[in-house]
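Subject: Structure for your review

Dear colleague,

Please find below the structure that I am handing over to you. My findings follow it.

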Amino acid sequence: MSLHSARAAALLAWVNSTKVCPDPLNDLSQLQDCSVFIKIIHKIHGSKEGESVLEQPLPERISFILGFLQKHCRHKLAAENLVSAQKLLDGEELALAKVAVLLLYHTTMTCKNPGDWNEFDYETQVELASVLKFVLDNEECLNENLEPFLQRKAEPSSSSMSSSSFEEHSSLFPLPHKREVHFLELQRIASFPSTNTPSIPTSPMGDIMQTPQFQLRRLKEQLAFERESRNEMEMEVVQNHKLLMEKDAQITMMQQRIDRLTKLNEQQAADQLEPKEMEELREKNESLVGRLHEAFRQCQDLKTEKAQMDRKISELSEENGDLSFKLREIASNMVQLQQALNELSEEHNTAMAQSQNKQGQLEKELHAALQDKKCSEEKIEILQGKISLLEDQLAKLEEGSTQEKGEVMGDILKLEELKQEVSSLTAKGVQLEEEKQQLSSLVTSLQSSLSESQRAQEKLKQDLQAQAEQLAA
């Protein structure tokens, strides 16, 4: 199966962004001599040993690259099985892509200034961010999953991936048990001191590098690097101390030899030795004295170097302690903020569901009230029409005889009943109008409550983002 084209193009774009080669590369196959990888290692790690390796044959270059990955990348134990030396020697693009992925991960984790990601287009940033997210999520099973990831086609939703989707899936902490969240408590948690760092432009790469998962992993990588540096320096101090002890032993032996020669010179002078023998002894003595002075000088240099190493180890130990304390403190605050956000989101979702149900019920009642009001108004119009007709008939009958008036008394009573019914339907229309106003007021209040809940949730998300920016600083 061939490489996923968009993913391979994104990795090639990142390699070109390092500017270690004069002309941009157009295909991963151009990396098969491994010289570009060595130049990238030299640039990001500051090691000069890669300069001499560039003059070596391809097997030595590959050995240097694999050695670097095993020594400095997090996946040390898996590096040998993850990237095959033979496949690199054969120039397989999948093996070249694996090396590019590990170097991209190492660069973003260890470099203090990983570069301006806005120089990449949005689609390239999406692919690079998906590579970083994949490595973070598959640290324990990278050997089995990296090849399918680099080969499989992108899912339909990957091209429309928004920057917020990375934050939704980057939580390192399990969902907490539900409990009541007080607004003052949220303010206390969110008031964790932060530095005034400039805001980072929104981009897929910028977003994933601000997630708690990435920031915590980066801090752990830096702590591991500092710890390894301190261990190396301690080993160097031990070696220097051993060398110093050896020099002290040599000086002692030379001093003893000088003492013996001095006594021998004195004895030979007393025995009146020949001038030629005396001259040879004097030359030997002067040579030994010169070597003794040189040994003393080397011993002094080693003592000075040991003192400098001790000071450096002390500084590294102090920095390591500060970083560990900062990591624990920030991680604790991130846990609290994440827990509060999860609880607020759960309460918001519950309130949203309840409010939607309540709003639907109120809208049904409002619709029914409006229908009743409409029906009442139609009845009133019909009855008013009947009343007008009867009033006209009565007016005509009043002009007639008394006998005729007696005959229409029933119509007059029917008329009075209609008037009363119209009046009743009118006390009901007014009542329905009042109920409509009350229902509308309840709907408006419910919508205002939902807006307030959304604003509180957005403020907590902003506080969580501020904590992530402080981690980046």
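This is a predicted model: local features need pLDDT of at least 70, side-chain atom pairs count only at pLDDT 80 or more; totals for chains, interfaces and linings use all residues.

Residues are numbered from 1 along each chain as its sequence is written, and side-chain values use heavy atoms, with hydrogens and water left out.

Nonpolar core. A nonpolar core is a set of buried Ala, Val, Leu, Ile, Met, Phe, Trp, Tyr and Cys residues joined through side-chain atoms within 4.5 Å; buried means under 20% relative accessible area, exposed over 50% and partly exposed in between, with a 1.4 Å probe and protein chains only. The largest such core has 57 residues, of which Phe37, Ile65, Leu103 and Leu150 touch the most other members. At least two residues of this core come from each of α1, α2, α4, α7 (93-110), α8 (122-137), α9 (142-151) and α12 (204-209). Helix α7 gives the largest share, 12 residues. Helices here are DSSP runs (H or I, at least four residues), numbered from the N terminus.

Leu150 is in contact (heavy atoms within 4.5 Å) with Leu3, His4, Leu11, Leu94, Ala97, Lys98 and Val101, leaving aside its neighbours within four places in sequence.

Helices α2 and α4. These pack at an angle of about 40 degrees with their axes 10 Å apart, α4 spanning residues 58-72. Axes are lines fitted to C-alpha atoms over the stretch in contact, and angles run from 0 to 180 degrees between N-to-C directions. The angle makes α2 oblique to α4; angles under 35 degrees count as roughly parallel, over 145 as roughly antiparallel, 65 to 115 as roughly perpendicular and the rest as oblique. In this pair, Ser35, Phe37, Ile38, Ile41 and His45 of α2 meet Arg61, Phe64, Ile65, Phe68 and His72 of α4.

Helices α8 and α9. Their axes come within 10 Å and cross at roughly 160 degrees, and the two helices are therefore roughly antiparallel to each other. Ser130, Val131, Phe134 and Val135 in α8 meet Leu142, Asn145, Leu146 and Phe149 in α9.

Loop residue Thr18. Thr18 lies in the loop between α1 (5-17) and α2 (35-45). Thr18 counts as buried because its relative accessibility is 10%. Apart from neighbours within four places in sequence, Thr18 is in contact with Ile40 and Lys43.

With kind regards
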